Amino acid sequence: MAAEIVFPHGYVILDACCVINLHESEKMSDILASLQAFVAVTDYVYQEEILPPEEGGASKLLPLVESGLLTVTVLESEDEMIAFVNFAAVMDDGEASSSAIAVSRGWAIATDDQKAIRFLEQNVSGVKIVTTLDLVKHWVDREHPPAEAVRMALENIRNRARYIPHARHPLFRWWNTHISDGADAHPS
Amino acid sequence: MRFLHFLPPGDEDAVLIAEYINRFEALCQDYLELEQIAESPLTYKYPPEYKVGALPLALTAEIIAQEERNRLGLGDGPIPPLRELLEQDVGLRIFYLEMKPSDNISAMFTYDPKLGGCIAVNTLHSEERKRLALAHEYAHFLIQREKAELLTPDKYQRKPESERFAAFFALYFLMPSVGLTRRYNDIIQTHGKFTVADLSTLAHYCGVSVDTLARRLEEQKLLPAGMWERLQESGARAQNDQPLVELLPISDLADILPRRYQYLVVDLYDQGKITEGGLARFLRVDRLKARQIASARRAEASYIMENAPLDLAHSVAK
């Protein structure tokens, strides 16, 4: 069943964990293009968090930025700075900066971080939260890539990004169906 | 900072050492923070501080080393992975840090009522030297735990009593006289002689370098005084305190962070109590590497769970 994501105002900010997963999938540009939304990442996440410097650091994402598929954004207003400081008291700086911008600007946030998700759900009303698998599934439902390409993308996420969705993730069955040999269960 | 008295002002190395001290203290604080989040404090099994001074220092060190061996149930055999022993059976916090230049610093020890005893060992050193440094710092913990200590080679023109005690203790703790003598005799009884290869094998068995063992045997009068120096002059050289023959590495954890620390971090992350940014920050690596470490620790934990008896209490009762 195809269920496309509707992003509030057409904007979504990617947290570091999602950027890593999408980048390692080797289908990041296809996935971002399929979203038909303004996709951003905070300057802090882009510069500090996503990829180790010895592996090229943020420069690996430069083609996406140059092509306009990904935009690097910074905390701008005083409200955003205050939100960041408040969030940073309970999260680390990457998650806090992404959350501050999502909440302040009314954007969706893409994150797989359990703590960030739980905190936002419990403390901020109305923020739309999506995960890596939501974005990948959106690409699959919208673009209908070959099954082999989907399998490869998911395997890359599992093997290279070392991400396995929690057994309670709403798309865990979808993940298992589309990945070659079924996923190892995440410890629960 | 409790180490400041070690650092001469204006010394270039002092700047580096100060950085290592800061890193060490940050790790200790992070360990405590993790325990507080997890509500899982470290169990301390600390003996009361031992008194030194009534007897000759070497004899005191040997008696205390034997008492500690008895307390820890070690008998007079070789010590299993020393880091694990001191972490799990004593409750010390032990980190392995890369400290350059490696000639300048072997280990650090500090104690705080909240943190307990904390040791940092230079991971650039050989396994044997790390064990010796660990035992040396443990000695300071046993007799003067309130006093921070920085182990640097030839730091003193005349070593203070606490340093001499720690040096003796480390040797007796790793190579107890009775056990050492018995093993030496076993070799003599079996082979009729004690060769350089035997020396090397015995050193590996004890988890010490060859020259450390040779000097200990000389002190025990099982080898003639000066034998090691003569052997070196004749070409039987142990380079950089390594064994003379290539042996399998001693099983010891080379991770910078204590294994319990790593399990705490991964468990807290899996429970959603810290973010992935926190996972990476606590593990001192980038996010991708942090995920790799988390996978490895989960795999170990699931292996243990899969192989554990279903009813642990019942299996113990049997």
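How many residues of chain A are in contact with chain B, and how many of chain B with chain A? In this predicted model, 23 residues of chain A touch 18 residues of chain B.

**The interface**
- Chains A and B bury about 1600 Å² between them, and carbon and sulfur atoms account for 47% of that area.
- On the chain A side, A:Asp92, A:Lys115 and A:Arg162 contribute 33% of the area buried against chain B, more than any other three residues.
- Three salt bridges cross between chain A and chain B; one of them links A:Glu95 to B:Arg287, with the closest N and O atoms 3.0 Å apart.
- Polar contacts between the two chains number 15 residue pairs, with both residues at pLDDT 80 or more.
- Helix 1, helix 6 (93-105) and helix 7 (114-123) of chain A each give two or more residues to the side that touches chain B, and helix 1 of chain A has the largest share, five residues.

**Helix 1 of chain A**
- All of helix 1 (residues 16-25) of chain A is buried, 10 of 10 residues, so this helix is largely enclosed by the rest of the structure.
- Among the buried residues are A:Cys17, A:Cys18, A:His23 and A:Glu24.
- Just after helix 1 of chain A, A:Glu26 has a positive phi of about 65°.

**The sheet in chain B**
- Four strands of chain B make an open, mixed sheet in the order 1-3-2-4.
- Strand 1 (93-97) and strand 4 (149-151) of chain B are at the edges with a single partner strand each, so one side of each lacks a neighbour in the sheet.
- Neighbouring strands of this sheet are turned by 15° against each other on average, direction ignored.
- Strand 1 of chain B runs parallel to strand 3 (residues 116-122) of chain B, joined by five bridges; B:Phe95 has B:Ala120 in strand 3 as its bridge partner.

Methods. Residues are numbered from 1 along each chain as its sequence is written. Chains are lettered from A and ligands numbered from 1 in the order in which they are written. This is a predicted model: local features need pLDDT of at least 70, side-chain atom pairs count only at pLDDT 80 or more; totals for chains, interfaces and linings use all residues. Side-chain values use heavy atoms; hydrogens and water are left out. Buried means under 20% relative accessible area, exposed over 50%, partly exposed in between (1.4 Å probe, protein chains only). Two strands pair if DSSP finds at least two bridges between them. Axes are lines fitted to C-alpha atoms, for helices over the stretch in contact, and angles run from 0 to 180 degrees between N-to-C directions. Contact means heavy atoms within 4.5 Å. Buried area is the accessible area (1.4 Å probe) that two parts lose on being put together, summed over both. A salt bridge is a side-chain nitrogen of Lys or Arg within 4 Å of a carboxyl oxygen of Asp or Glu. A polar contact is a pair of N or O atoms within 3.5 Å; within protein, one must be able to donate a hydrogen and the other to accept it, and residues adjacent in sequence count only if both atoms are side-chain atoms.
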